[in-house]
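User: I would like to learn how to read the features of a model like this one. Please take them one at a time.

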Amino acid sequence: MQYQIDRQEESLLVIIKDLTVDLSFISTELDNQYRHLILDLSEFSEVSQEKLKNFINFGKNVVKKNSFVIIRQMEFSEDFPIVPTLQEAFDLIELEEIERQLNLKI
């Protein structure tokens, strides 16, 4: 199997097992109940920058107005939605939700 799906809270967690996986199925999995997308790449010791950018572009295009996070051990960057653990992914999603709520009230 190239991936495993887990649904937690309002998030769709996709654990990637093969970096060549076709992720087109994800857009049909996201709905009102599962609005956020977490891609877990933590099983891979190395992921090329090109592949990582492809995952990021895909995630941003699919999710659009909700949160998209990648789990991966690497140096933190403000430019990419990448965190090292699942808990930190949920924390980032929660922070982004708060930011969206505050922007609506201003």
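User: Is Arg-100 buried, partly exposed or exposed?

Analyst: This is a predicted model, and the values below are computed from it. A residue is called buried under 20% relative accessible area and exposed over 50%, with partly exposed in between. Arg-100 has a relative accessible area of 25%, so Arg-100 is partly exposed.

User: Which side chain does Arg-100 meet in a salt bridge?

Analyst: To call a salt bridge, look for a side-chain nitrogen of Lys or Arg within 4 Å of a carboxyl oxygen of Asp or Glu. The side chain of Arg-100 meets that of Glu-97, at 2.8 Å from N to O. Both residues lie in helix α3, 3 residues apart, which is about one turn of the helix. Glu-97 has 18% relative accessibility and therefore counts as buried. Salt bridges with shared partners also join Glu-97 and Arg-100 to Glu-10 and Arg-35 in one network.

User: How many salt bridges are there by this rule?

Analyst: The count comes to 5 salt bridges. One of them pairs the side chains of Glu-10 and Arg-35, with 3.4 Å from N to O. Glu-10 sits in the loop between β1 and β2, and Arg-35 in the loop between α1 and β3, so this pair ties together parts that are 25 residues apart in sequence. Glu-10 is at 36% relative accessibility and counts as partly exposed.

User: Which residue forms a salt bridge with Lys-17?

Analyst: The partner is Glu-43, and the closest N and O atoms are 3.1 Å apart. This pair links distant parts of the chain: Lys-17 is in the loop between β2 and α1, while Glu-43 is in the loop between β3 and α2, 26 residues apart. Lys-17 counts as partly exposed at 35% relative accessibility, and Glu-43 counts as partly exposed at 47%.

User: In what order do the elements of the chain run from the N terminus on?

Analyst: The order is β-β-α-β-α-β-β-α, which comes to 3 helices and 5 strands. As for the fold as a whole, 55% of the contacts with a separation of 6 or more are between residues 24 or more positions apart.

User: Which residues have the most contacts inside the largest nonpolar core?

Analyst: A nonpolar core is found by joining buried nonpolar residues through side-chain atoms within 4.5 Å. The largest has 22 residues, and those with the most contacts inside it are Ile-16, Ile-26, Leu-37, Leu-39 and Ile-70. At least two residues each come from β2, β3, α2 and β4. Helix α2 gives the most, with 4 residues. Leaving aside residues up to four places away in sequence, Ile-70 touches several residues, including Leu-39, Leu-52, Phe-55 and Ile-82. A second, separate core has 9 residues, among them Ile-15, Val-69, Ala-89 and Ile-93.

User: Which residues make the nonpolar surface patch of about 280 Å²?

Analyst: Leu-95, Ile-98 and Leu-102 make it. Ile-98 lies in helix α3 and, at 41% relative accessibility, counts as partly exposed.

User: What radius of gyration does the chain have?

Analyst: The value to hold it against is that of a compact globule, which for 106 residues would be near 13 Å; the chain has 13 Å, which agrees. Along the principal axes, the C-alpha atoms fill a box of roughly 40 × 30 × 20 Å. Of the 106 residues, 38% count as buried. The chain exposes about 6800 Å², with carbon and sulfur atoms supplying 47% of that area.

Notes. Residues are numbered from 1 along each chain as its sequence is written. This is a predicted model: local features need pLDDT of at least 70, side-chain atom pairs count only at pLDDT 80 or more; totals for chains, interfaces and linings use all residues. Side-chain values use heavy atoms; hydrogens and water are left out. Patches are made of residues with over 30% relative accessible area and no salt bridge: like charges are joined within 9 Å, nonpolar side chains (Val, Leu, Ile, Met, Phe, Trp, Tyr) within 5 Å. Accessible areas come from the Shrake-Rupley method with a 1.4 Å probe; for residues, only the protein chains shown count as cover. Buried means under 20% relative accessible area, exposed over 50%, partly exposed in between (1.4 Å probe, protein chains only). Contact means heavy atoms within 4.5 Å. The radius of gyration is taken over C-alpha atoms; the globule rule is 2.2 Å times the number of residues to the power 0.38.
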